[in-house]
Amino acid sequence: MEYISECLTREALEGFGDFKIGGQIIHTVKYADDFVLLAKEEKVLQDMIDKLIEIGRCYGTEMNVEKTKVMRISRQPSPVKIMINQKQLENVESFKYLVRILTNDGRCTCEIKCRIAMAKAAFNKKRTLFTSALDLELRKKLVKCYFGA
């Protein structure tokens, strides 16, 4: 199935793309059986999806409209109107991709808060440093070692 999806996306997205990262035109970001379409303009994204659906029919595949989401990343985000089979795709404010939380405002505030929470949880696991019978100076050195204080 992976080979079909590769061929399908390559064929469908040929000729699209002014989205450059590091000087290379990028159409998709893929991970396992998921992929993200990238476009600078709403119309280009709609055209990409229409072409992907058209080519998909040739391969006997369908896009799952219920699982397909859309998000505009901008400093002033606004909803995007992308249609598949007369159904508008759901706009989302954020989604998790490869352990990262991507938000529609392009900021990483949510990601930072998540990482701080993870650090606090890890710190709390080391609670024995504060309640053990270890020498106070040794505990201070361990805290500095762990947390760079």
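**Ground rules.** I'm working with a predicted model, where local features need pLDDT of at least 70, side-chain atom pairs count only at pLDDT 80 or more, and totals for chains, interfaces and linings use all residues. Residues are numbered from 1 along each chain as its sequence is written, and side-chain values use heavy atoms, with hydrogens and water left out.

I'm taking buried as under 20% relative accessible area, exposed as over 50% and partly exposed as in between (1.4 Å probe, protein chains only). This core has 16 residues, and L37, L45, I49, V70, I82, I84 and L89 touch the most other members. The largest share, six residues, is from α2. Helices here are DSSP runs of H or I with at least four residues, strands are runs of E with at least two, and both are numbered from the N terminus.

**I82 and Q46.** Contact means heavy atoms within 4.5 Å. Not counting residues up to four places away in sequence, I82 touches E42, L45, Q46, I49, V70, K87, Q88 and L89. I followed Q46 back to helix α2. With a relative accessible area of 15%, Q46 is buried.

**V80.** I found V80 in the loop between β5 and β6 (83-84). V80 counts as buried because its relative accessibility is 5%. Beyond its neighbours within four places in sequence, its contacts are E42, V70, R72, Q88 and N91.

**T68.** Next I checked the loop between α2 (42-59) and β5 (69-70), where T68 lies. Is T68 buried or exposed? T68 has 18% relative accessibility, so it counts as buried. A polar atom of its side chain lies 2.6 Å from the backbone oxygen of N64.

**N85 and Q86.** Most residues other than glycine have a negative phi. I noted a positive phi near 50 degrees for N85 and about 60 degrees for Q86. N85 is in the loop between β6 and β7 (87-88), and Q86 is found in the loop between β6 and β7 too. N85 is partly exposed at 47% relative accessibility, while Q86 is exposed at 74%.

Terms used:
A polar contact is a pair of N or O atoms within 3.5 Å; within protein, one must be able to donate a hydrogen and the other to accept it, and residues adjacent in sequence count only if both atoms are side-chain atoms. A nonpolar core is a set of buried Ala, Val, Leu, Ile, Met, Phe, Trp, Tyr and Cys residues joined through side-chain atoms within 4.5 Å.
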